[in-house]
Amino acid sequence: MECSWSQLQQNLHDAIGTAVIYKVEDSKLLPLLYTKDAPRFSGLSEEEYLQLYGQDTLPVVAKGDLAHLLQIIGEVLAGKGSRAITYRTYHKTRGFVWTHVILRLLGTFQKLPVLIGTFTNVSDTISA
C-alpha cells in the first residue's frame, strides 16, 4: 500500500507519541510546553486544549484512575526516577481513551518542580 507524506508523518507522530512539560503547583499540573500534536491527542483544537488543560490537566483523567496517577506523580517528584502508567483520559469525540505516559522529573522552573510526560494513545491495544 502506497502511503502519502502526511500518512507517514502521522505514523511517526503516533509512534513517538506526544510530549508535555508541566510545572507542578498546588497539586496541579500546568502545561508549559507541548508538542504540536498534544491537542490532537485529545481530539481538540489548540484553543480547546488550552481552555481545558491550561489551568490543570488532572481533571481530564478518569476518576477511577486519578489516585494511581497521583501516586506515580508523587514518586517521580520524590526523586524515584522515571515512572510509567496507563490510564484513561478525556477525548473530545471518543469519551475516554487509554493513555500510556512515562513521567520524568526535569528539575525546577520558577522554583517549582517540572515534569516531562511522553504520551502514547494505547486504546487500540487495551480491551476495557
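These legends accompany close-up views of a predicted model.

**View 1. Helix H4 and its span.** Helix H4 covers residues 63–77, which makes 15 residues. From its first C-alpha to its last it reaches 21 Å, close to the 21 Å expected at 1.5 Å a residue.

View 2. Which residues of H4 are buried? They are Asp65, Leu69, Ile72, Ile73, Glu75 and Val76. Seen down the axis of H4, these buried residues fall within an arc of 155°, so they line one face of the helix.

View 3. Leu32, Leu33 and Phe109 make a nonpolar surface patch of about 270 Å². Leu32 belongs to strand E2, residues 28–34. With a relative accessibility of 34%, Leu32 counts as partly exposed, because that value lies between the 20% and 50% cut-offs.

**View 4. Ser27 in its loop.** Here you will find Ser27 in the loop between strand E1 (18–25) and E2. Its phi is near 60°, a positive value in a residue other than glycine. Ser27 counts as exposed, at 67% relative accessibility.

**View 5. Gln110 in its loop.** The loop between E4 and E5 holds Gln110. Phi of Gln110 is positive, near 55°, and this residue is not a glycine. Is Gln110 buried or exposed? Gln110 has a relative accessible area of 53%, so it is exposed.

Methods
Residues numbered from 1 in each chain as written. Predicted model: local features only at pLDDT ≥ 70, side-chain atom pairs only at ≥ 80, totals over all residues. Heavy atoms only, no water. Patch = residues over 30% accessible without salt bridge, like charges linked within 9 Å, V, L, I, M, F, W, Y side chains within 5 Å. Areas by Shrake-Rupley, 256 points an atom, 1.4 Å probe, with all protein chains shown as cover. Salt bridge = Lys/Arg side-chain N within 4 Å of Asp/Glu carboxyl O. Helix = DSSP H or I, 4+ residues; strand = E, 2+ residues; numbered from the N terminus. Buried < 20%, exposed > 50% of the residue type's maximum accessible area, 1.4 Å probe, protein only. Expected span 1.5 Å × (residues − 1). Arc of directions from axis to C-beta.
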